[in-house]
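Colleague: Could you take a close look at the aromatic side chains in this model, and walk me through how the rings are arranged and what surrounds them?

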Amino acid sequence: GLEITDSTDSVGAEDRATVNIRDVSLTTSYAGGGKAIDLVMTDTSSVVPYGSSSTLTMTNVDIRGVDFYDGNTDYWTTGVYLEDTGEVQIDNCIILGNAGTAGVTGIYVVSTDSNNIRFQVSNTVIQFTETAFRVTTNTGTTEGLWFTNCEFVAVKFGFVADGSAGIIHGLSWTGGHIDADQNCFIFGSAARGSTSVQIHGAFLAIGDKWGGSDLENAYAVWFDEVHYASIVGNRFLCSAGPVTSQACVALGSCDGVIVAANQFYRAGTGVFLYDNASGGDCQNCKVIGNYYDSTVSTPRSIAGATNQNWDAFLVDNGGNLTLPSFLAMADGTGLLAGTTVGVTWPIAANQKLGLWGVTPVIQPAHADQAALGALATVSGSGADSDINDNFAAIETLLTAIRDATVAAGLMKGSA
(Lines give C-alpha, C1' and ligand atoms only; values in the text may rest on other atoms or scores of the structure.)
Protein backbone atom coordinates (compact mmCIF):
# COMPACT_ATOMS: atom_id res chain seq x y z
CA GLY A 1 0.00 0.00 0.00
CA LEU A 2 0.92 3.63 0.50
CA GLU A 3 2.98 4.38 3.64
CA ILE A 4 3.71 7.89 4.89
CA THR A 5 5.67 8.32 8.14
CA ASP A 6 6.70 11.49 9.96
CA SER A 7 7.44 10.26 13.50
CA THR A 8 9.63 12.81 15.22
CA ASP A 9 10.33 14.49 18.49
CA SER A 10 12.01 17.62 17.15
CA VAL A 11 9.88 19.25 14.45
CA GLY A 12 7.47 22.10 14.91
CA ALA A 13 3.93 22.50 13.72
CA GLU A 14 5.03 24.16 10.49
CA ASP A 15 7.03 21.07 9.51
CA ARG A 16 4.21 18.54 9.62
CA ALA A 17 3.09 16.73 6.51
CA THR A 18 0.18 17.54 4.21
CA VAL A 19 -1.04 14.57 2.18
CA ASN A 20 -3.58 14.67 -0.64
CA ILE A 21 -4.81 11.41 -2.19
CA ARG A 22 -7.49 11.59 -4.85
CA ASP A 23 -8.91 9.79 -7.86
CA VAL A 24 -7.02 6.54 -7.29
CA SER A 25 -7.77 2.85 -6.81
CA LEU A 26 -5.61 0.90 -4.34
CA THR A 27 -6.00 -2.85 -4.88
CA THR A 28 -4.27 -5.92 -3.49
CA SER A 29 -3.95 -9.42 -4.88
CA TYR A 30 -3.38 -10.95 -1.42
CA ALA A 31 -5.75 -12.29 1.23
CA GLY A 32 -4.84 -10.02 4.14
CA GLY A 33 -2.73 -7.58 2.17
CA GLY A 34 -1.82 -5.29 5.07
CA LYS A 35 -2.63 -1.56 5.07
CA ALA A 36 -3.71 0.19 1.89
CA ILE A 37 -2.90 3.64 3.35
CA ASP A 38 -0.60 3.93 6.36
CA LEU A 39 -0.15 7.44 7.79
CA VAL A 40 1.89 7.86 11.01
CA MET A 41 2.43 11.41 12.30
CA THR A 42 3.61 10.88 15.88
CA ASP A 43 5.09 14.03 17.41
CA THR A 44 6.52 13.86 20.92
CA SER A 45 7.85 17.43 20.87
CA SER A 46 6.40 20.17 23.01
CA VAL A 47 6.01 22.46 20.00
CA VAL A 48 2.65 20.94 19.02
CA PRO A 49 0.91 20.94 22.39
CA TYR A 50 -2.55 19.86 21.28
CA GLY A 51 -2.93 17.46 18.43
CA SER A 52 -0.97 17.20 15.24
CA SER A 53 -1.20 19.66 12.40
CA SER A 54 -0.71 16.95 9.81
CA THR A 55 -3.36 17.04 7.11
CA LEU A 56 -4.83 14.21 5.06
CA THR A 57 -7.35 14.76 2.30
CA MET A 58 -8.78 11.66 0.60
CA THR A 59 -11.23 12.08 -2.26
CA ASN A 60 -12.59 9.51 -4.73
CA VAL A 61 -10.37 6.69 -3.45
CA ASP A 62 -11.28 3.03 -4.04
CA ILE A 63 -9.67 0.47 -1.68
CA ARG A 64 -10.36 -3.24 -2.29
CA GLY A 65 -9.06 -6.61 -3.33
CA VAL A 66 -8.27 -6.95 -7.00
CA ASP A 67 -10.89 -9.70 -7.33
CA PHE A 68 -13.61 -8.11 -5.19
CA TYR A 69 -16.13 -8.25 -8.04
CA ASP A 70 -15.03 -11.74 -9.09
CA GLY A 71 -14.68 -14.12 -6.14
CA ASN A 72 -13.59 -11.70 -3.40
CA THR A 73 -10.71 -13.71 -1.96
CA ASP A 74 -8.26 -10.78 -1.92
CA TYR A 75 -8.56 -7.92 0.59
CA TRP A 76 -6.62 -5.38 2.61
CA THR A 77 -6.43 -6.06 6.36
CA THR A 78 -6.80 -2.33 7.01
CA GLY A 79 -8.05 0.16 4.48
CA VAL A 80 -6.76 3.38 6.08
CA TYR A 81 -4.50 3.47 9.16
CA LEU A 82 -4.06 6.88 10.86
CA GLU A 83 -1.75 7.24 13.86
CA ASP A 84 -1.44 10.52 15.79
CA THR A 85 -3.01 12.50 12.98
CA GLY A 86 -5.30 15.48 12.68
CA GLU A 87 -7.19 17.57 10.13
CA VAL A 88 -8.39 14.52 8.19
CA GLN A 89 -11.01 14.84 5.45
CA ILE A 90 -12.30 11.74 3.69
CA ASP A 91 -14.97 12.18 1.02
CA ASN A 92 -16.60 9.95 -1.57
CA CYS A 93 -14.40 6.93 -0.87
CA ILE A 94 -15.12 3.19 -0.99
CA ILE A 95 -13.41 0.60 1.22
CA LEU A 96 -14.29 -3.05 0.55
CA GLY A 97 -13.10 -5.96 2.69
CA ASN A 98 -13.99 -9.64 3.00
CA ALA A 99 -17.24 -10.74 4.69
CA GLY A 100 -16.84 -13.04 7.69
CA THR A 101 -13.07 -12.50 8.02
CA ALA A 102 -12.01 -11.38 11.51
CA GLY A 103 -9.51 -8.57 11.96
CA VAL A 104 -10.39 -6.58 8.85
CA THR A 105 -10.89 -2.86 9.50
CA GLY A 106 -12.01 -0.11 7.14
CA ILE A 107 -10.55 2.99 8.83
CA TYR A 108 -8.43 2.69 11.97
CA VAL A 109 -7.53 5.80 14.00
CA VAL A 110 -4.91 5.30 16.73
CA SER A 111 -3.32 7.67 19.22
CA THR A 112 -0.02 6.57 20.75
CA ASP A 113 1.52 9.90 21.76
CA SER A 114 -0.64 12.79 20.54
CA ASN A 115 -4.29 13.77 20.61
CA ASN A 116 -6.24 12.87 17.48
CA ILE A 117 -8.39 15.81 16.43
CA ARG A 118 -10.72 16.92 13.65
CA PHE A 119 -11.88 14.14 11.35
CA GLN A 120 -14.52 14.75 8.70
CA VAL A 121 -15.85 11.72 6.81
CA SER A 122 -18.60 12.15 4.22
CA ASN A 123 -20.32 10.18 1.45
CA THR A 124 -18.07 7.18 2.15
CA VAL A 125 -18.96 3.49 1.89
CA ILE A 126 -17.28 0.76 3.97
CA GLN A 127 -18.44 -2.80 3.30
CA PHE A 128 -17.52 -6.37 4.31
CA THR A 129 -15.12 -5.43 7.13
CA GLU A 130 -15.31 -6.77 10.65
CA THR A 131 -15.04 -3.18 11.92
CA ALA A 132 -15.90 -0.26 9.69
CA PHE A 133 -14.39 2.59 11.75
CA ARG A 134 -12.31 2.03 14.87
CA VAL A 135 -10.79 4.61 17.21
CA THR A 136 -8.18 3.36 19.68
CA THR A 137 -7.17 6.14 22.08
CA ASN A 138 -4.12 5.21 24.15
CA THR A 139 -2.93 8.74 24.97
CA GLY A 140 -4.94 11.91 25.53
CA THR A 141 -8.27 12.05 23.77
CA THR A 142 -9.77 11.84 20.31
CA GLU A 143 -11.83 14.91 19.55
CA GLY A 144 -14.01 16.00 16.66
CA LEU A 145 -15.33 13.13 14.52
CA TRP A 146 -17.94 14.27 12.02
CA PHE A 147 -19.73 11.76 9.76
CA THR A 148 -22.18 12.85 7.06
CA ASN A 149 -24.18 10.54 4.77
CA CYS A 150 -21.87 7.56 5.20
CA GLU A 151 -22.80 3.90 4.73
CA PHE A 152 -21.24 1.03 6.67
CA VAL A 153 -22.83 -2.16 5.33
CA ALA A 154 -22.33 -5.89 6.02
CA VAL A 155 -19.94 -5.26 8.93
CA LYS A 156 -19.84 -6.80 12.39
CA PHE A 157 -19.15 -3.47 14.11
CA GLY A 158 -19.91 -0.05 12.68
CA PHE A 159 -18.12 2.46 14.91
CA VAL A 160 -15.94 1.20 17.79
CA ALA A 161 -14.25 3.28 20.51
CA ASP A 162 -11.59 1.53 22.60
CA GLY A 163 -7.99 1.81 23.80
CA SER A 164 -6.31 2.19 27.20
CA ALA A 165 -7.53 5.79 27.45
CA GLY A 166 -10.48 5.43 25.11
CA ILE A 167 -12.19 8.77 25.65
CA ILE A 168 -13.79 10.57 22.71
CA HIS A 169 -15.15 14.10 22.93
CA GLY A 170 -17.35 15.22 20.08
CA LEU A 171 -18.76 12.71 17.61
CA SER A 172 -21.54 13.56 15.20
CA TRP A 173 -23.21 11.08 12.84
CA THR A 174 -25.81 12.62 10.53
CA GLY A 175 -27.93 10.68 8.04
CA GLY A 176 -26.52 7.61 6.35
CA HIS A 177 -26.91 3.92 7.10
CA ILE A 178 -25.17 1.28 9.21
CA ASP A 179 -26.01 -2.42 8.89
CA ALA A 180 -23.99 -4.39 11.46
CA ASP A 181 -24.17 -7.88 12.94
CA GLN A 182 -23.24 -6.87 16.53
CA ASN A 183 -23.18 -3.09 17.08
CA CYS A 184 -23.67 -0.04 14.90
CA PHE A 185 -22.03 2.11 17.59
CA ILE A 186 -20.18 0.78 20.62
CA PHE A 187 -18.56 2.87 23.32
CA GLY A 188 -17.40 0.07 25.62
CA SER A 189 -15.79 0.13 29.06
CA ALA A 190 -12.51 1.42 27.59
CA ALA A 191 -14.30 4.55 26.37
CA ARG A 192 -16.02 5.42 29.65
CA GLY A 193 -16.21 9.16 30.15
CA SER A 194 -16.76 10.00 26.48
CA THR A 195 -19.00 13.02 25.90
CA SER A 196 -20.91 14.97 23.27
CA VAL A 197 -21.99 12.14 20.98
CA GLN A 198 -24.79 12.85 18.51
CA ILE A 199 -26.49 10.27 16.29
CA HIS A 200 -29.21 11.90 14.23
CA GLY A 201 -31.34 10.91 11.26
CA ALA A 202 -29.69 7.56 10.52
CA PHE A 203 -30.99 4.13 9.53
CA LEU A 204 -29.37 1.69 11.97
CA ALA A 205 -29.91 -2.03 11.45
CA ILE A 206 -28.77 -5.21 13.20
CA GLY A 207 -28.58 -8.14 10.76
CA ASP A 208 -26.46 -11.05 9.59
CA LYS A 209 -24.84 -9.80 6.38
CA TRP A 210 -21.25 -10.02 7.68
CA GLY A 211 -21.24 -13.35 9.51
CA GLY A 212 -24.37 -15.04 8.19
CA SER A 213 -26.21 -15.56 11.49
CA ASP A 214 -28.16 -13.49 14.01
CA LEU A 215 -26.16 -12.73 17.16
CA GLU A 216 -27.32 -12.65 20.78
CA ASN A 217 -26.80 -9.48 22.87
CA ALA A 218 -26.49 -7.31 19.77
CA TYR A 219 -27.24 -3.64 20.49
CA ALA A 220 -27.52 -1.12 17.65
CA VAL A 221 -26.26 1.68 19.92
CA TRP A 222 -24.37 0.69 23.06
CA PHE A 223 -23.12 3.46 25.35
CA ASP A 224 -21.19 2.53 28.50
CA GLU A 225 -20.84 5.66 30.66
CA VAL A 226 -21.21 8.07 27.76
CA HIS A 227 -22.42 11.47 28.94
CA TYR A 228 -24.29 14.37 27.34
CA ALA A 229 -25.29 12.60 24.15
CA SER A 230 -28.34 12.59 21.89
CA ILE A 231 -29.91 9.83 19.80
CA VAL A 232 -32.61 11.59 17.82
CA GLY A 233 -34.72 10.93 14.74
CA ASN A 234 -33.25 7.55 13.78
CA ARG A 235 -34.90 4.41 12.42
CA PHE A 236 -33.84 1.18 14.14
CA LEU A 237 -34.35 -2.32 12.77
CA CYS A 238 -33.09 -5.50 14.42
CA SER A 239 -33.00 -9.12 13.26
CA ALA A 240 -36.18 -10.88 12.20
CA GLY A 241 -37.79 -12.85 14.97
CA PRO A 242 -36.88 -10.84 16.93
CA VAL A 243 -33.88 -12.13 18.91
CA THR A 244 -35.04 -11.32 22.43
CA SER A 245 -31.57 -10.34 23.70
CA GLN A 246 -31.14 -7.72 20.96
CA ALA A 247 -31.82 -4.07 21.77
CA CYS A 248 -31.98 -0.89 19.73
CA VAL A 249 -30.42 1.35 22.39
CA ALA A 250 -28.53 0.20 25.51
CA LEU A 251 -27.32 2.79 28.04
CA GLY A 252 -25.08 1.69 30.90
CA SER A 253 -24.63 4.22 33.74
CA CYS A 254 -24.97 7.16 31.35
CA ASP A 255 -25.66 10.76 32.32
CA GLY A 256 -27.61 13.32 30.31
CA VAL A 257 -28.50 11.21 27.26
CA ILE A 258 -31.56 12.12 25.19
CA VAL A 259 -33.31 9.40 23.16
CA ALA A 260 -36.09 11.11 21.23
CA ALA A 261 -38.28 10.82 18.14
CA ASN A 262 -36.82 7.49 17.06
CA GLN A 263 -38.64 4.61 15.39
CA PHE A 264 -37.98 1.13 16.77
CA TYR A 265 -38.81 -2.01 14.81
CA ARG A 266 -38.32 -5.76 15.29
CA ALA A 267 -36.26 -5.85 18.49
CA GLY A 268 -36.27 -7.69 21.77
CA THR A 269 -36.01 -4.35 23.60
CA GLY A 270 -36.40 -0.80 22.38
CA VAL A 271 -34.46 1.13 25.05
CA PHE A 272 -32.47 -0.64 27.78
CA LEU A 273 -31.11 1.29 30.78
CA TYR A 274 -28.88 -0.46 33.29
CA ASP A 275 -26.27 -0.04 36.03
CA ASN A 276 -22.92 -1.27 34.69
CA ALA A 277 -21.77 -2.09 38.27
CA SER A 278 -19.25 0.74 38.07
CA GLY A 279 -20.96 4.05 37.39
CA GLY A 280 -24.27 3.60 39.21
CA ASP A 281 -27.73 4.49 37.94
CA CYS A 282 -28.35 6.22 34.66
CA GLN A 283 -28.84 9.87 35.56
CA ASN A 284 -30.91 12.58 33.84
CA CYS A 285 -31.57 10.47 30.75
CA LYS A 286 -34.69 11.40 28.80
CA VAL A 287 -36.54 8.97 26.53
CA ILE A 288 -39.15 11.07 24.77
CA GLY A 289 -41.68 10.60 21.99
CA ASN A 290 -40.32 7.42 20.40
CA TYR A 291 -42.40 5.02 18.31
CA TYR A 292 -42.34 1.32 19.22
CA ASP A 293 -43.70 -0.99 16.56
CA SER A 294 -45.70 -4.05 17.62
CA THR A 295 -42.68 -6.16 16.58
CA VAL A 296 -40.72 -4.76 19.58
CA SER A 297 -41.21 -7.26 22.40
CA THR A 298 -40.34 -4.89 25.27
CA PRO A 299 -40.38 -1.14 24.55
CA ARG A 300 -38.50 -0.26 27.74
CA SER A 301 -36.35 -2.22 30.19
CA ILE A 302 -34.56 -1.15 33.36
CA ALA A 303 -32.16 -3.59 35.05
CA GLY A 304 -29.85 -3.46 38.04
CA ALA A 305 -30.81 0.04 39.18
CA THR A 306 -33.74 2.06 40.45
CA ASN A 307 -32.98 4.94 38.05
CA GLN A 308 -34.98 7.38 40.16
CA ASN A 309 -33.32 10.25 38.31
CA TRP A 310 -34.51 9.01 34.93
CA ASP A 311 -36.95 11.83 34.18
CA ALA A 312 -38.58 10.36 31.13
CA PHE A 313 -41.65 8.90 29.49
CA LEU A 314 -42.30 6.50 26.65
CA VAL A 315 -45.08 6.08 24.10
CA ASP A 316 -45.58 2.48 23.04
CA ASN A 317 -46.88 1.16 19.73
CA GLY A 318 -50.45 1.48 21.01
CA GLY A 319 -50.05 5.18 21.84
CA ASN A 320 -49.92 4.49 25.59
CA LEU A 321 -47.85 6.84 27.74
CA THR A 322 -45.60 5.10 30.29
CA LEU A 323 -44.09 6.95 33.25
CA PRO A 324 -41.16 5.10 34.86
CA SER A 325 -41.03 7.55 37.74
CA PHE A 326 -43.18 10.54 38.77
CA LEU A 327 -45.12 13.15 36.82
CA ALA A 328 -44.28 16.59 38.24
CA MET A 329 -46.71 19.42 37.52
CA ALA A 330 -46.08 23.08 38.26
CA ASP A 331 -48.36 24.90 40.71
CA GLY A 332 -51.49 26.25 39.09
CA THR A 333 -51.61 23.65 36.29
CA GLY A 334 -54.26 21.01 35.73
CA LEU A 335 -55.43 18.12 33.58
CA LEU A 336 -57.88 18.82 30.76
CA ALA A 337 -60.74 16.38 30.16
CA GLY A 338 -63.07 16.15 27.19
CA THR A 339 -66.58 17.59 27.40
CA THR A 340 -68.28 15.06 25.11
CA VAL A 341 -67.12 11.58 26.10
CA GLY A 342 -64.93 12.54 29.03
CA VAL A 343 -62.01 10.72 30.65
CA THR A 344 -61.88 7.35 32.39
CA TRP A 345 -59.12 6.71 34.93
CA PRO A 346 -58.22 3.97 35.66
CA ILE A 347 -59.87 2.19 32.74
CA ALA A 348 -60.45 -1.19 34.44
CA ALA A 349 -61.61 -2.30 37.90
CA ASN A 350 -58.48 -4.40 38.45
CA GLN A 351 -56.10 -1.46 37.87
CA LYS A 352 -54.78 0.06 41.08
CA LEU A 353 -55.10 3.66 42.23
CA GLY A 354 -53.96 5.43 45.37
CA LEU A 355 -54.67 9.04 46.32
CA TRP A 356 -52.68 11.27 48.66
CA GLY A 357 -49.84 8.77 49.06
CA VAL A 358 -51.75 5.65 50.14
CA THR A 359 -50.86 2.21 48.79
CA PRO A 360 -52.72 1.78 45.48
CA VAL A 361 -55.65 -0.64 45.48
CA ILE A 362 -58.01 -2.05 42.88
CA GLN A 363 -61.55 -0.70 42.81
CA PRO A 364 -63.02 -1.48 46.27
CA ALA A 365 -65.88 -3.92 46.03
CA HIS A 366 -68.01 -5.56 48.78
CA ALA A 367 -71.55 -6.86 49.16
CA ASP A 368 -72.18 -4.24 51.88
CA GLN A 369 -71.88 -1.53 49.18
CA ALA A 370 -75.16 -2.69 47.61
CA ALA A 371 -78.09 -0.26 47.47
CA LEU A 372 -80.26 -0.24 50.62
CA GLY A 373 -83.49 -0.64 48.80
CA ALA A 374 -86.72 0.24 50.60
CA LEU A 375 -86.28 0.74 54.35
CA ALA A 376 -88.76 -0.73 56.79
CA THR A 377 -91.85 1.36 57.49
CA VAL A 378 -91.79 2.58 61.06
CA SER A 379 -95.22 2.18 62.69
CA GLY A 380 -97.16 0.46 65.40
CA SER A 381 -95.80 -1.80 68.09
CA GLY A 382 -92.72 -2.76 66.04
CA ALA A 383 -91.48 0.80 65.53
CA ASP A 384 -88.41 0.44 67.71
CA SER A 385 -87.34 -2.73 65.93
CA ASP A 386 -87.94 -1.16 62.50
CA ILE A 387 -85.86 1.87 63.46
CA ASN A 388 -83.01 -0.31 64.67
CA ASP A 389 -83.05 -2.41 61.51
CA ASN A 390 -83.00 0.70 59.32
CA PHE A 391 -80.09 2.25 61.23
CA ALA A 392 -78.18 -1.06 61.06
CA ALA A 393 -78.61 -1.16 57.28
CA ILE A 394 -77.49 2.46 56.95
CA GLU A 395 -74.51 1.82 59.25
CA THR A 396 -73.46 -1.18 57.17
CA LEU A 397 -73.53 0.86 53.96
CA LEU A 398 -71.75 3.87 55.50
CA THR A 399 -69.03 1.60 56.89
CA ALA A 400 -68.52 0.04 53.43
CA ILE A 401 -68.33 3.53 51.88
CA ARG A 402 -65.85 4.68 54.52
CA ASP A 403 -63.67 1.59 54.07
CA ALA A 404 -63.59 2.09 50.29
CA THR A 405 -62.74 5.81 50.41
CA VAL A 406 -60.05 5.32 53.07
CA ALA A 407 -58.48 2.43 51.12
CA ALA A 408 -58.30 4.53 47.95
CA GLY A 409 -57.06 7.56 49.84
CA LEU A 410 -60.07 9.79 49.15
CA MET A 411 -60.18 10.50 52.88
CA LYS A 412 -57.83 9.66 55.72
CA GLY A 413 -60.43 8.12 58.05
CA SER A 414 -59.06 9.85 61.16
CA ALA A 415 -57.89 13.23 62.43
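Modeller: Rings of Phe, Tyr and Trp (for Trp, its six-membered ring) are taken to pair if their centres lie within 6.5 Å, and planes under 30 degrees apart count as stacked, those over 60 as edge-to-face and the rest as tilted. On that basis, ring pairs join Phe133, Phe147, Phe152, Phe159, Trp173, Phe185, Phe187 and Phe223 into a cluster. The model is a predicted one, in which local features need pLDDT of at least 70 and side-chain atom pairs count only at pLDDT 80 or more, whereas totals for chains, interfaces and linings use all residues. Residues are numbered from 1 along each chain as its sequence is written, and side-chain values use heavy atoms, with hydrogens and water left out.

Across the whole structure the search finds 19 aromatic pairs. In one of them, the ring centres of Phe152 and Trp173 are 5.1 Å apart and the planes stand at 70°, so this pair is edge-to-face. The pair links distant parts of the chain, since Phe152 belongs to strand β13 (residues 151–162) and Trp173 to strand β14 (residues 168–174), 21 residues apart; strands here are DSSP runs of E with at least two residues, helices are runs of H or I with at least four, and both are numbered from the N terminus. Phe152 is buried, at a relative accessible area of 0%, and Trp173 likewise counts as buried, at 1%, where buried means under 20% relative accessible area, exposed over 50% and partly exposed in between, with a 1.4 Å probe and protein chains only.

Tyr219 and Trp222 form another edge-to-face pair, with 5.3 Å from centre to centre and 85° between the planes. Here Tyr219 counts as buried at 12% relative accessibility, while Trp222, at 25%, counts as partly exposed.

The charged end of Lys35 lies over the ring of Tyr81, at 3.7 Å from its centre, and Arg235 is placed over the face of Tyr265, 4.6 Å from the ring centre.

Key. A charge sits over a ring if NZ of Lys or CZ of Arg is within 6 Å of the ring centre and within 35 degrees of the ring normal.
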